[in-house]
Amino acid sequence: MSPAKVAVVTGGNSGIGLTLAERLLTAHQNLQLCLACRNQSRAEAAKRSLELSHPGAKISIVILDTSNVNSVFQAAAKIKEKYDKIDYLFMNAGIMPVSRVHWKKVFTSILSRDCAHALSTGEGLLQHVDETTSDGLKKVFATNLFGHFILVRELEDCLGGDTTTQIIWTSSKSASDKYFHVEDMQHVIGTEPYSSSKYGTDVLSVAINERLNKKGVYSHTVSPGLVMSGMTYGILSDWFWTLIIPFLLLMRLIVSTLSINTYNGSEPLVWLSKQKAESLDPRSKYCCHVTFWGIPYVQPAKMDISDEDVNQLYNQLEDLYLTFKEKTKQHK
Ligand SMILES: NC(=O)C1=CN([C@@H]2O[C@H](COP(=O)(O)OP(=O)(O)OC[C@H]3O[C@@H](n4cnc5c(N)ncnc54)[C@H](OP(=O)(O)O)[C@@H]3O)[C@@H](O)[C@H]2O)C=CC1
Ligand SMILES: CC(C)CCC[C@@H](C)[C@H]1CC[C@H]2C3=C(CC[C@]12C)[C@@]1(C)CCC(=O)C[C@@H]1CC3
């Protein structure tokens, strides 16, 4: 039997994260799974469903709210108590708060040459909103990016070493340098917090490789494509999505990123976990594509990221992390 490996999945209780957890248990023999979720009862329900499909699986729950700095410090301490070494760290938890759909733009772009771009990135089709957390941080940044950065920093002792660790980020096709400004990494000014946070994720992944590859830690980002999940049901009701599924399936003739289900969307995440980490490209995003007949496959897409952004973002995140670390020490 292969030696036991440990996988931590943030936001592993639903959507892409839950399907990923299920697929990891199938793909890796003898896997110990840690569901790092913000809600105890939703996490327990997920654990029960995984135990039904994988009787005897070793699954633990750690309560983690990535938008809350204290919660991340506490969760990291719990994870370190439970495991000496982490083999896979899936940074999957994420939010995309939206206040409305720009229907006029949806219809004009579907009928234009921009159709494929609009349906694969959602650019310009949604009105995004954001708020400030009790830590004084922008919520989308804190949830999607900074909470995960703290997790990496706090877990560093359990990563890499004799065998490799893979950090795998659920990023997005929406990530765009157009909406990311390193001097405003929280996206205080601007109306695209989600795109900014996901581009920040891609930049951070490159920075982690530069700092931690020598320790055996490899980081990669993934785009799952458009997936029906809590995220999309938060934009439009489930009956609406059900009605337009036939249209989306037809659109697969021209748009290959319409994954639709969480199985397809989790394909690059599972695929990466089966690769030799050293052989992967640290500056490519591993994207989910689906054939017209619904077969998923993975295609790397080169990311155009400047070294200046890589270094500046990492240093700023590190400064913010150290500020909070100091505060938590003082409160002890
Ligand atoms: N759906 C799509 O089309 C796409 C999704 N993605 C990305 O995929 C990832 C998973 O999203 P998806 O499965 O689609 O959506 P879901 O809303 O179904 O899942 C999101 C998961 O993240 C968890 N989560 C949200 N906020 C926090 C928090 N503060 N702390 C801890 N966990 C949190 C949710 O927990 P809870 O159940 O408690 O809310 C849930 O488990 C996200 O990062 C998203 O940005 C990327 C591209 C496309
Ligand atoms: C297809 C239409 C008749 C109606 C749907 C319009 C929009 C609500 C959607 C079209 C492209 C979608 C999209 C996303 C959300 C929903 C759309 C904007 C995402 C932004 C969801 C999160 C991501 O990370 C990327 C997705 C890109 C495509």
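Residues are numbered from 1 along each chain as its sequence is written, while chains are lettered from A and ligands numbered from 1 in the order in which they are written. Since the model is predicted, local features need pLDDT of at least 70 and side-chain atom pairs count only at pLDDT 80 or more, but totals for chains, interfaces and linings use all residues.

Let's start with strand 4, residues 88-91 (strands are DSSP runs of E, at least two residues, and helices are runs of H or I, at least four, both numbered from the N terminus). Tyr-88 and Phe-90 point one way, Leu-89 and Met-91 the other, and all are buried, meaning that 20 or more other C-beta atoms, placed from the backbone, lie within 10 Å of their own. In a regular strand, side chains alternate between the two faces of the sheet.

Strand 4 pairs in the parallel sense with strand 1 (residues 5-10) over three bridges; pairing takes at least two DSSP bridges. Here Val-9 stands opposite Phe-90. Strand 4 also pairs in the parallel sense with strand 7 (residues 165-170), over four bridges, and there Leu-89 has Ile-167 as its bridge partner.

Now for the ligands. Ligand 1 is surrounded by 30 residues, with Gly-11, Gly-15, Gly-94, Ser-229 and Gly-230 the closest (a residue counts if its C-beta atom, placed from the backbone, lies within 6 Å). Helix 1 (15-27) and helix 8 (230-233) each supply at least two of the shell residues.

Around ligand 2 there are 17 residues, and Gly-122, Leu-125, Ser-172, Ser-174 and Leu-226 come nearest. Helix 5 (115-121) and helix 8 give two or more residues to this shell.

Conventions
A residue is buried if 20 or more other C-beta atoms lie within 10 Å of its own, exposed if 12 or fewer, and partly exposed in between; C-beta atoms are placed from the backbone.
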